[in-house]
Amino acid sequence: MPTPLSPQTIALPEGLESYKRTPAFNEDTVPGGLRTDHATKVGTWGLIRIESGRLLYRVTDSRRDPSEIILTPDGPPGIVEPTILHNVLPMGPVSFYVEFLREAPK
């Protein structure tokens with residue numbers, strides 16, 4: 001089992017606004033696409049918010065150093081950068097959702 005790492009050091013840019021969120025997923029309802037490498041579109045950031053349990057969040061993109069962090073309700077959300085490959089893996093019972101953000105219209 002991976003050792004919990006320090007919180008992510010990626011900072012969200014200023015001027016983002018939330019525009020959508022997924023339904024809550026649990027260990028049985030996590031879509032297969034989230035368990036395998038996937039990415040958001042250009043300009044779309046994500047926040048993985050844990051309601052209960054633990055979720056392993058892995059960044060696998062070759063443009064970043066490989067990293068993984070165990071997300072919990074007491075810690076910061078997982079920050080998903082636009083176009084960066086990543087995946088998640090439930091670590092037992094979990095409930096989480098993803099909030100999507102983009103630059104606010106001017």
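In which loop is T83 found? T83 sits in the loop between strand 5 (78-80) and strand 6, where strands are DSSP runs of E with at least two residues, numbered from the N terminus. Its phi is near 65°, a positive value in a residue other than glycine. T83 is partly exposed, with a relative accessible area of 27%; that term covers the range between buried, under 20%, and exposed, over 50% (1.4 Å probe, protein chains only).

A word on what you are looking at: this is a predicted model, in which local features need pLDDT of at least 70 and side-chain atom pairs count only at pLDDT 80 or more, while totals for chains, interfaces and linings use all residues. Residues are numbered from 1 along each chain as its sequence is written, and side-chain values use heavy atoms, with hydrogens and water left out.

Now let us step inside. Leaving aside residues up to four places away in sequence, F96 touches, among others, P23, L34, I48 and V88, a contact being heavy atoms within 4.5 Å.

Finally, look for the largest pocket. H38, A39, T40, V98 and F100 lie nearest its centre. Strand 6 supplies the largest share of its lining, 5 residues.

Notes
1 Å grid on protein atoms, 1.4 Å probe; cavity = no way out; pocket = protein on both sides within 12 Å on 5 of 7 lines; lining within 4 Å. Helix = DSSP H or I, 4+ residues; strand = E, 2+ residues; numbered from the N terminus.
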